[in-house]
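Dear colleague,

I am passing on the structure below, together with notes on what was found in it. Please read the notes with the coordinates open beside them.

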Amino acid sequence: MNVPNHIAIILDGNGRWAKAKGMPRSYGHVKGCANLETICDDMKELGVKYLTVYAFSTENWKRSREEVEGLMKLFRSYLKKCLKIAERNKMRVRVIGDTKAFDQDIQDRIAQLEEFSKDYDELYFQIALNYGSRDEILRGVRRLAQDAASGKVKPEEIDEEIFESYLDTAGIPDPDFMIRTSGELRLSNYLLWQMAYTEFYFTDVAWPDFDKSELIKAIEKYNERDRRYGGVKGE
Ligand code: IPE
Ligand code: IPE
Ligand code: MG
C-alpha cells in the first residue's frame with residue numbers, strides 16, 4: 001500500500017454524532033478529541049510523515065458561547081496531554097492559524113508544546129486552530145507587502161516558493177490526501193492554496209467513529225487514484 005506522505009483531515013461531525021446518541025454536542029467534542037490521540041498513533045504506525053488536522057476554524061467563533069468555552073477547555077487539556085503523545089510518537093507538533101485570538105494561557109501551552117517537540121522528526125503533526133485559509137493568506141500577504149515596501153523582496157521576484165514561505169505552513173509539503181468525515185462535501189476554508197493538487201476523500205462516518213480501519217479504507221481508495229498533475233498517463 002502506497003501511504004500518502006501528508007494527510008490533511010477535516011474532523012467533522014462531533015456534534016451530530018453526540019446528538020444521535022441523545023447526548024450534548026460537548027460529549028461529541030470530548031470523544032472527537034480522544035480520537036485525535038488514537039489517530040496520531042495510527043498515522044505513525046502506518047508510516048504517514050505529515051498529518052494536519054482542522055480543529056477550530058476562524059468561523060467557529062460563531063457557535064454558542066457555551067460551545068466555544070467548552071472547546072477552549074478541551075484545547076487546554078488536550079495541549080497538555082499532547083506532550084505525552086508527542087514524546088511517544090517522536091512527533092513534532094505545530095499549530096497553524098492565528099493563535100493570538102486565544103487566551104494567553106492557551107498561547108503559552110501551544111508555545112510549550114511546539115518548543116518541547118521541535119526536534120522530533122518521525123511524524124509532523126499540524127493542528128489548525130483559529131485557522132482559515134483566507135485569513136492565513138491575508139496575514140501572509142500583509143507581511144509580504146511590508147517586506148516589498150521595505151525593499152527586502154522585489155515584487156518581480158515573488159514566485160510560489162517565496163509566497164509559500166509567508167504562509168503558516170511554510171516548510172511543510174502540500175497534502176497528498178484530504179479526508180473529511182461526516183458527509184459534508186466542502187472545504188470550509190481549509191488549506192485552499194496548499195490543496196491545489198490534493199486528492200479528496202469524503203466519508204459519512206462521523207469523526208468520533210473514524211478509526212484505524214476507516215483510515216486504511218481511505219488510504220486504499222487513495223491508492224486507486226491516478227495522479228497526473230496535468231500530464232498524460234504513461235508518460
Ligand atoms: C467538528 O465537529 C469539530 C469542530 C468544528 C470544532 P462539529 O462540531 O462541526 O460537528 P457537527 O458538524 O456540528 O456535527
Ligand atoms: C470545519 O467544520 C471546521 C473544523 C472541522 C474545525 P465545520 O463544521 O465548522 O464546517 P461547516 O460549518 O460545516 O462548513
Ligand atoms: Mg461540522
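**The shell around ligand 1**

Ligand 1 is surrounded by Leu11, Asp12, Gly13, Asn14, Gly15, Arg16, Arg25, His29, Ala55, Asn60, Arg63 and Glu67, where a residue counts as near if one of its heavy atoms lies within 4 Å. This is a predicted model, in which local features need pLDDT of at least 70 and side-chain atom pairs count only at pLDDT 80 or more, while totals for chains, interfaces and linings use all residues. Residues are numbered from 1 along each chain as its sequence is written, chains are lettered from A and ligands numbered from 1 in the order in which they are written, and side-chain values use heavy atoms, with hydrogens and water left out.

By class, this shell has 2 nonpolar, 5 polar and 5 charged residues (Ala, Val, Leu, Ile, Met, Phe, Trp, Tyr, Cys and Pro count as nonpolar, Asp, Glu, Lys and Arg as charged, and the others, Gly among them, as polar). Both α1 (14–20) and α2 (25–46) supply at least two residues of the shell, and the largest share, 3 residues, comes from α1 (helices are DSSP runs of H or I with at least four residues, strands are runs of E with at least two, and both are numbered from the N terminus).

Oxygen atoms of ligand 1 lie 2.7 Å from a backbone N or O atom of Arg16, 3.2 Å from one of Asn14 and 3.3 Å from a polar backbone atom of Gly13. Taken alone, ligand 1 exposes 380 Å², of which the protein buries 88% (Shrake-Rupley method, 1.4 Å probe).

**The shell around ligand 2**

Around ligand 2 are Ile10, Leu11, Asp12, Tyr54, Ala55, Phe56, Ser57, Asn60, Arg63, Arg180, Arg186 and Ser188. Strand β2 (residues 50–57) gives the largest share of this shell, 4 residues, and the shell divides into 5 nonpolar, 3 polar and 4 charged residues.

Here the listed atom pairs involve side chains: an oxygen atom of ligand 2 is 2.9 Å from an N or O atom in the side chain of Asn60, an oxygen atom is 3.2 Å from such an atom of Arg63, and a polar side-chain atom of Arg180 lies 3.4 Å from an oxygen atom of the ligand. Of the 390 Å² of accessible area that ligand 2 has on its own, the protein covers 79%.

With regards

How values were computed: Polar contact = N/O pair within 3.5 Å; in protein donor to acceptor, adjacent residues only side chain to side chain.
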